[in-house]
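Subject: Structure for your files, with notes on cavities and helix packing

Dear colleague,

Please find the structure below. My notes on it follow directly after.

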Amino acid sequence: MSKRNPEISLQRRTFCTGSFSLAALGPLALAGCGGAGEGAAPAAPAGGARLLAGGAAPAPRTFAHPGLLHSEADFDRMRAKVAAQEQPWLSGWNALLNTGRSHLNNFPRPLATVIRGGSGQNFAQCYIDIARTYQLAVRWKVSGDVAYADKAVEFLNAWSSTLTSITGNADRFLAAGIYGYEFANAAEIMRTYPGWAAADLARFQNMMLTVFYPLNHQFLLQHNDAAITNYWANWDQCALASILAIGVLCDREDLYNEAVSYYLAGPGNGAASQAVPFVHPGYLGQWQESSRDQGHCTLGVGLAAAFCEMAWNQGDDFYGLDNRRFLAGAEYVAKSNLADANGNLYYTAMPFDPYTSVQGTGYGISGAGLPFSRPVWEMIYNHYVNRLGLAAPYTAQMAAKLRAEGDGGNGDQLGLGTLTFTRDPVAAGANPSGLSANLVGGQVELSWWGSAYASSYTVQRAATQGGPYATVASGITDLLTWTDSGMAPGVYYYVVTAATPSGESGPSNEAKVSAGTALHTWLPFDESSGTAASDASGNGRHAALLNGPLWTAGQRGNALALDGVDDYVALPAGVAAELSDFTIAAWVNWNGGRNWERIFDFGSGTSHYMYLTPRSSSGGMRFAIATNGGVGEQSLATSSALPAGQWVHVAVTLSGATGTLYINGAVASTNTAMTHAPRRMGSTSQNWIGRSQYADPYFKGKVDDFRIYHGAMSAAEIGALMAG
């Protein structure tokens, strides 16, 4: 795997998944991508650890305080709204007063050892005191009454002078994660109180670093010595929230970056792409635990939202990561817990892609625990709708249903979001955004994010970039997706506009797509010297030759000879990121002899990849694509290996959910349930010819005329390509 350690660019505030590999946990930095952060984002903390202009060394990060779930500006808003007795803030304030946990007659009950799981459990005593501390802190900040501040400090000091360990069975990691981020949030608020002595703050920080953080770190590194997909998303997510929160509380940039690096590219189910493993048309993002139960789905959504909000208050936008992948997941979980106007439960008719882990395979959304009323939705709703002006219809329904939010009573979330997260309604919605266009089954599948207050949407298409556009669909309401078909082969451009109370909105971003088949990348390998292979498609995807491959005579002109020791070819990062329907074809002359060599392997490590091997351990050729490791592979396989010692033409195509493997122009294998198109792997960083994502043998033999196409070629087209 890549050992790169790219820097952060805070000014850009947005990040790419899959653009680098996670080599190890610890003080890793990040690669920035994309444009400016969306919405009226908080100013970046001065001196943040980011790549400076011209590649200068980054300055140490200075964290904003208070800067976890709530900033000082947030408390200013709460104070003003409650003082003015405005709704729904006043109802949110009353919800705080009615939990029974923000009163002055409560007293701390610290433990030396918190036990969760197994015998002797006492963890409720811990989370009740954390809830009391947090609610006392909020009550002080909103009311200004220092009696509540003094009481909160009493709780913080009692625990920091007593707690030495968290134990139990595997659930101890949940305790360290959930209660870690919650306790850090309470302390982060109170650090602004002059009555909390510096020595006492330091002792509390030490408790977080020596009791909570080691378990968080250990879990992400080892997963309790279990297979990486054994633990559901919320296990990773609580550890990530805790590490990030402790990093801010303790001014530890290394911890903060550890959490962020894992969220972007970690191997476990709590990383961004694994928590939402499949995004359906209309941007409904299937949650990793959707086939388990709704209680754990809503827990994960709440934990991920807390992570995003805490990072937002430090100037980093993970709400917007990967075209707002988290919002797609939140909308999916919210809709799963709702019903239509006639009382029909949505989840029974929602799309679901079969999901496999070591826990087994899920084939649909579980209704267990439905509907689950967890107070986590105001945070999400107010970010996307009232900060950014987007439409989030199902999240909005969940937030309205639970308003005014209490604390939930179970310690799994801090809650009280109606008071703490509600913002004034946005004056006008944003333009439609995030428009994507993908060729799926030969048709153009469009999806986009909507605009707050919009009543319907219009799709427009052009044959040239920038227009002129012609309307091809209108009156679209829900879901925000549309499929175009019947066009002649060629390149098309799309935009979407919204019907709003003030008229038609401005257009969305323009999305480009090739209908039919179009050459994407072509490496003829006809050079005779040098360490680069030119892309003859004209698209600039030139490849690098690593460790000394040799130029040699090929099937057509020259070819590349790989020695099977360490030679390979590297294509650019993200080479397959825009591919849905596709064709990959090449001439191959394999020396034979070893299992699991790779003709090609595009991925970002052992979680996200697609490969073609001339012989697997079963003895036959195999193409496979995975988005959550080997346990979830979708594959094409043959009973016999690729013929050795001769030139053979190989091709793989995907059209919709139908994958086909061709050998010398003949169909060798077909699978009609291949839903993991290359774009679902994200922007892969390790795109290799001749090398595996795993510690498999390098390819020994020759490769010639390597091609990638948008679109799936027919058998006749494969035959014509082979004939040359």
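The largest cavity in this predicted model has 15 lining residues, and those nearest its centre are P375, M379, L414, G415 and F421. Its space amounts to about 100 Å³. Helix 12 (377-387) and helix 14 (417-421) each supply at least two residues of this lining, and helix 14 gives the most, with three residues. By class, the lining of the largest cavity divides into eight nonpolar, five polar and two charged residues.

The terms are as follows. On a 1 Å grid over the protein atoms alone, a cavity is a set of points where a 1.4 Å probe fits but cannot get out; a pocket is an open set with protein on both sides within 12 Å along at least five of seven lines; lining residues have an atom within 4 Å of a point. Grid points are joined across faces, edges and corners, and a volume is the space filled by probe spheres set on the points. Helices (H or I, at least four residues) and strands (E, at least two) are DSSP runs, numbered from the N terminus. Ala, Val, Leu, Ile, Met, Phe, Trp, Tyr, Cys and Pro count as nonpolar, Asp, Glu, Lys and Arg as charged, and the others, Gly among them, as polar.

Residues are numbered from 1 along each chain as its sequence is written. Local features need pLDDT of at least 70 and side-chain atom pairs count only at pLDDT 80 or more, while totals for chains, interfaces and linings use all residues; side-chain values use heavy atoms, with hydrogens and water left out.

Six cavities of 30 Å³ or more were counted by this rule. The second largest cavity has a volume of about 70 Å³. Its lining consists of Q237, Y263, A272, A275, V276, W287, A304, F318, L321, R325 and F326. Helix 9 (272-275) and helix 11 (321-336) are the elements that give two or more residues to that lining, and helix 11 has the largest share, three residues. The lining of the second largest cavity has nine nonpolar residues, one polar and one charged.

The second largest pocket holds about 380 Å³ of space. It is lined by 24 residues, of which A391, A392, P393, Y457 and L480 are the closest to its centre. Helix 13 (393-402) and strand 8 (443-449) each supply at least two lining residues; helix 13 gives the most, with three. This pocket lining has 17 nonpolar, five polar and two charged residues.

Now the helix packing. Axes are lines fitted to C-alpha atoms, for helices over the stretch in contact, and angles run from 0 to 180 degrees between N-to-C directions. Angles under 35 degrees count as roughly parallel, over 145 as roughly antiparallel, 65 to 115 as roughly perpendicular and the rest as oblique. A crossing is left-handed if the near helix is turned anticlockwise from the far one by less than a right angle, and right-handed if clockwise. Contact means heavy atoms within 4.5 Å.

Helix 12 also packs against helix 10 (residues 294-312): the two axes come within 9 Å and cross at roughly 50°. Helix 10 is therefore oblique to helix 12, and the crossing is left-handed. On the helix 10 side the contact uses T298, V301, A305, A306, E309 and W312, which meet W377, M379, I380, H383 and R387 in helix 12. These contact residues comprise seven nonpolar, two polar and two charged.

The axes of helix 2 (residues 89-98) and helix 3 (residues 123-143) come within 11 Å and cross at roughly 135°, so these helices are oblique to each other. Their crossing is left-handed. W93, L96 and L97 of helix 2 meet Q135, V138, R139, V142 and S143 of helix 3.

For helix 5 (residues 171-190) and helix 7 (residues 233-249), the axes come within 8 Å and cross at roughly 35°. This crossing is left-handed as well. The contact residues of this pair divide into 15 nonpolar, five polar and two charged.

Some backbone details remain. L370 and P371 are joined by a cis peptide bond, with omega about -10°; P371 is in the loop between strand 6 (360-362) and helix 12. Another cis peptide bond joins G467 and P468, with omega about 10°, and P468 lies in the loop between strand 9 (456-462) and strand 10 (470-476). D225 is not a glycine but has a positive phi of about 60°; its place is the loop between helix 6 (198-222) and helix 7.

Regards
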